Every structure is written in C-alpha cells, then in structure tokens.
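Hi,

Here's the model I promised to pass on.

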Amino acid sequence: MSIENAIRAHALSLGFDACRFTTADAAPELGERLRAWLAGGSHGEMSWMAETAERRVSPEALWPAVKSVVMLGLNYGPSTDPLAALQNRRAGAISVYARHRDYHDIVKGRLKQLAAFMIKRAGGGDVKVFVDTAPLMEKPLAQRAGLGWQGKHTNLVSRDFGSWLFLGAILTDLALAPDSPERDHCGSCRNCLDACPTGAFTGPYQLDARRCVSYLTIEHKGPIPRELRAAIGNRVYGCDDCLAVCPWNKFARVAHEAKLVARPDLEIPSLASLARLDDAAFRALFSGSPIKRIGRARFIRNVLIAIGNSGAAALAEEAERLLTDADPLVRGAAVWALARLAPQRLVALQPLNAAEADETVRDEWAKETQSGKK
Ligand code: B12
Ligand code: SF4
Ligand code: SF4
C-alpha cells in the first residue's frame with residue numbers, strides 16, 4: 001500500500017471522514033484576496049488575522065521546511081433541521097458546531113495520533129498539526145486537496161457531507177503525492193447569499209465579518225452595533241443560516257462521532273434559564289463546549305439581545321434583573337432588551353441610570369429613555 005493510502009486508511013480508522021493531500025506552496029491569488037479583505041476592514045476586531053497575514057497565505061511562510069499538507073475533514077452533520085431553533089423565540093438558537101463537545105479538542109487529539117502514525121510509517125520526517133488555531137488558510141487548502149470547494153458563503157462545501165465538515169491540517173516535510181483539487185459546483189445558486197439575516201455578504205465568495213452573526217456573537221467583545229441587533233433574532237451563539245440552505249446538504253449525513261451529537265439541553269435552551277446563569281453556572285453548563293471561551297458577560301449580552309427580540313413580555317423581568325449586573329456589557333444589553341419589551345418600565349427605572357458609572361451603559365439609557373430621545 002502506498003504511504004498516502006496508508007495515511008488515508010489510518011485517518012478514517014481514527015474517525016476522520018475525509019483525508020486528502022496537497023502541496024505546500026501558495027496559490028498566487030490567495031495573498032491578494034486576503035490582503036484586500038483585510039484592507040477593507042472585513043476582519044473587524046480580529047486583529048490576529050492581520051498580524052499573521054504574511055504567514056497565513058502560504059504553509060511555506062509558516063514553516064519553510066514543509067513539503068506537503070494533509071487535509072482532514074470531520075463530519076458534524078446535524079440530526080435535526082439546524083434552523084428549527086429559530087422558530088422558538090423564547091429559546092436561544094445555538095449553532096450546530098457548538099451544541100456538543102468543542103471540536104478543537106476532538107480534532108487536535110486525532111491529528112496528533114495521525115501525525116505520529118505518519119512518522120512511523122515513513123521511518124522519519126517532521127510534522128506540525130493545526131486546527132483553526134494557526135495562521136493557515138484551511139478552506140483554500142482543503143479545496144486544493146479536493147475535500148470540497150469554497151462556496152459562495154466562503155465555507156467549504158463537500159459533495160459527500162454538504163456544509164458540515166470541520167477542517168484540520170497536518171504540515172509535513174515528507175513528499176506526499178497531491179490529490180486533485182475540487183472545482184466549484186455553486187453554479188447559479190445563491191441560496192446562502194439570500195439567506196443571511198444581516199446582509200453580511202458583500203458579494204459571492206466575500207464576507208464582511210463585521211456584519212456576520214457568528215462574528216458578532218462570538219468574536220466581537222463590546223456592545224453589538226445597534227443597527228444589527230434586531231436581525232440577530234434569537235441566535236445566541238454563532239449562526240448556520242447560510243450553511244443550512246445549501247442544496248448540497250441533500251448529501252449530508254448525520255455525524256457518526258458520539259462526541260458530536262447535540263446535547264439535548266443545548267438544542268432549544270430557554271432564554272429565561274440562560275439569562276439566570278451566574279459565572280459558576282455558566283462555566284458548569286458549558287464545560288467542554290466552545291461557548292465557554294467567550295465568557296459569561298459576552299454570552300449573556302447575546303441572550304439579552306435575543307430577549308429583546310423575543311416579543312415575550314414575560315421575559316422583561318429577566319432583562320430588568322440584569323440592569324444591575326456587575327458587568328457593564330450585560331447592563332447595557334439589558335437596557336436595550338427592556339426597552340423592547342417594557343419601555344414604560346425602563347423609564348420608571350431611570351434612577352438606576354443616575355448611579356451608572358459606565359459611559360457605554362449611560363449611552364444605552366440615553367438612547368432608550370424619553371429624555372435621551374428628545
Ligand atoms: C476567521 C474565521 C471566521 C470569521 C470570518 C469568516 C470567513 N469567512 O473568513 C467568522 C468569525 C465570521 C467565522 C464564522 C464562521 N466560521 Co470560521 N473560521 C475562521 C478562520 C479562523 C479563518 C478563515 C479565514 O482565513 N478568513 C479570511 C478570509 C479572507 O477568507 P475567506 O472568507 O475564505 O476568503 C476567501 C474568499 O473571500 C475568496 N474569494 C474572494 N473573492 C473570490 C472570488 C472567487 C471567484 C472565489 C472562488 C473566491 C473568492 O478568497 C479568499 C481567500 O481564499 C477559519 C480557520 C482557518 N484557520 O482557516 C475558521 C473556519 C473557516 N470557520 C469555520 C466555521 C464552521 C464557521 C461558522 C460556520 C461557525 C458558525 N456556525 O457560526 C461561521 C460561518 C460564517 C461564514 N459564512 O463564513 C470552519 C469552516 C469549515 C468549512 N467546512 O469550511 C473553519 C475552517 C474552522 C475549522 N477548522 O473547521 N469564521
Ligand atoms: S453565518 Fe449567518 S450571519 Fe454569518 S454569513 Fe452566514 S448567514 Fe450570514
Ligand atoms: S447555497 Fe448555493 S451558492 Fe451557497 S454554497 Fe451552497 S451551492 Fe454554493
């Protein structure tokens with residue numbers, strides 16, 4: 001058996017769903033596109049994207065000795081309609097990738113096992129493993145290795161798994177025979193572009209992260225821009241809309257990996273229960289989940305945006321209670337949420353604003369109460 005086929009067979013035995021090979025040189029257009037994206041500010045506050053741009057464009061820039069890249073895919077296909085949670089406005093919608101164990105932990109361990117196998121099988125060589133965390137453009141590399149193509153929503157689409165593949169990479173100084181690339185199969189379809197709730201696509205294959213719900217609810221640290229709050233709806237962590245409407249999902253399969261099966265308590269968690277999480281309860285509920293990474297304040301900010309969008313007067317009491325939260329990010333979002341559900345009550349609570357020390361929170365009060373609107 002060739003070394004490539006031996007590596008592929010071992011990858012599948014470890015639980016990966018796809019394993020293909022590509023070369024380590026940079027495609028010339030990649031650097032230009034990344035630089036244009038950064039120059040337009042589309043990365044928002046993700047300054048690490050700009051800081052690592054020169055290494056990001058090519059595996060060789062990251063590690064000069066690299067000769068080949070092994071690209072891995074792990075299927076996380078959902079067993080239910082990923083958009084169903086959007087129907088229940090009193091519940092929070094958590095994106096599919098965060099309804100179970102953090103994929104970084106699952107993928108990283110397996111990449112290390114596969115890397116060790118490669119060295120043993122080749123009788124030497126050097127390897128480096130990456131999942132999401134390193135300055136590497138995983139989607140274009142995966143397309144060149146033939147795992148799928150970058151669809152108009154910019155993510156990789158697979159003919160075997162639709163939208164639902166996590167990607168990981170192993171860089172090696174072993175010379176491995178590259179597989180053939182996949183070509184674009186989007187055709188005239190534009191389902192994903194039309195489905196985006198916040199209009200984050202500036203064109204096909206181009207995303208302005210600053211408008212993307214995934215960025216706003218996960219990466220963005222401060223108050224969510226006011227003009228985008230209503231469109232976020234009840235999405236409290238990430239977003240799957242553009243992925244879910246892709247017609248290639250007819251070939252999607254349910255994840256076979258037990259650790260990637262959705263936790264029932266994260267499928268339609270009530271907004272009231274999420275709003276009551278204190279720091280310890282937040283960390284306990286999201287132990288092992290990627291949600292833990294954003295911390296309680298940013299998560300409760302998201303929950304409050306969803307409460308404000310819920311139209312459920314009964315949830316006003318949750319927003320009211322959080323007006324005095326210790327964290328200003330939470331207090332500011334609570335002002336906005338209460339103004340949506342019970343504006344008179346917010347006006348009655350104005351003395352709280354007099355004691356408010358944080359400028360961003362005072363600004364929320366000013367914008368939402370009668371005195372500020374004058
Ligand atoms: C930064 C980042 C984000 C940012 C920015 C997203 C983005 N599209 O870049 C935010 C926070 C918004 C984000 C969101 C999500 N992410 Co993310 N993210 C990344 C990360 C770390 C880097 C991506 C990157 O390099 N972006 C830079 C820009 C320039 O790249 P790009 O959008 O691909 O840009 C290309 C196109 O614009 C293209 N282009 C421009 N013009 C044209 C014209 C034509 C004709 C063509 C063909 C191409 C083209 O050229 C650019 C370069 O290739 C990767 C992990 C990694 N290291 O690769 C994960 C990654 C892309 N994310 C992932 C996931 C799962 C998500 C979410 C689905 C999570 C969720 N459910 O909320 C969403 C999806 C949002 C979306 N539609 O992209 C997965 C995607 C897996 C897959 N099958 O593709 C990755 C690969 C992580 C992983 N290891 O699995 N993410
Ligand atoms: S993840 Fe959601 S907000 Fe982001 S581009 Fe896709 S549909 Fe738009
Ligand atoms: S929804 Fe349509 S345009 Fe978007 S990635 Fe899928 S096939 Fe391509």
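In what order do the four strands of the open sheet run? They go β1-β2-β7-β4, with antiparallel pairing; strands pair here if DSSP finds at least two bridges between them. The edge strands, β1 and β4 (127–130), each pair on one side only. Neighbours in this sheet are turned by 20° against each other on average, direction ignored. Angles run from 0 to 180 degrees between N-to-C directions, with axes fitted to C-alpha atoms (for helices, over the stretch in contact).

Before I go on, some ground rules. This is a predicted model, so to speak of local features we need pLDDT of at least 70, and side-chain atom pairs count only at pLDDT 80 or more, while totals for chains, interfaces and linings use all residues. Residues are numbered from 1 along each chain as its sequence is written, and chains are lettered from A and ligands numbered from 1 in the order in which they are written.

Back to the sheet. β1 (residues 18–23) and β2 (residues 68–75) pair over six antiparallel bridges. A18 has G73 of β2 as its bridge partner, and T23 stands opposite S68 in β2. Five of the six residues in β1 are buried (20 or more other C-beta atoms within 10 Å of a residue's own; exposed is 12 or fewer, partly exposed in between, with C-beta atoms placed from the backbone). Helix α1 (residues 3–13) lies across β1 and β2, at about 145° to β1.

For the whole protein, I get 20 helices and 10 strands (DSSP runs, numbered from the N terminus: H or I of at least four residues for helices, E of at least two for strands). Its radius of gyration is 22 Å, close to the 21 Å from the globule rule for 374 residues, so it is as compact as a globular protein of that length. That radius is taken over C-alpha atoms, and the rule is 2.2 Å times the number of residues to the power 0.38. Buried residues make up 46% of the 374.

Now the ligand. Of the 35 residues around ligand 1, E138, L156, Y205, S214 and G238 come nearest ("around" is a C-beta atom, placed from the backbone, within 6 Å). Helix α2 gives the largest share of that shell, four residues. By class, the shell has 21 nonpolar, eight polar and six charged residues. Nonpolar is Ala, Val, Leu, Ile, Met, Phe, Trp, Tyr, Cys and Pro; charged is Asp, Glu, Lys and Arg; the others, Gly among them, are polar.

Cheers

Conventions
Contact = placed C-beta atoms within 7 Å.
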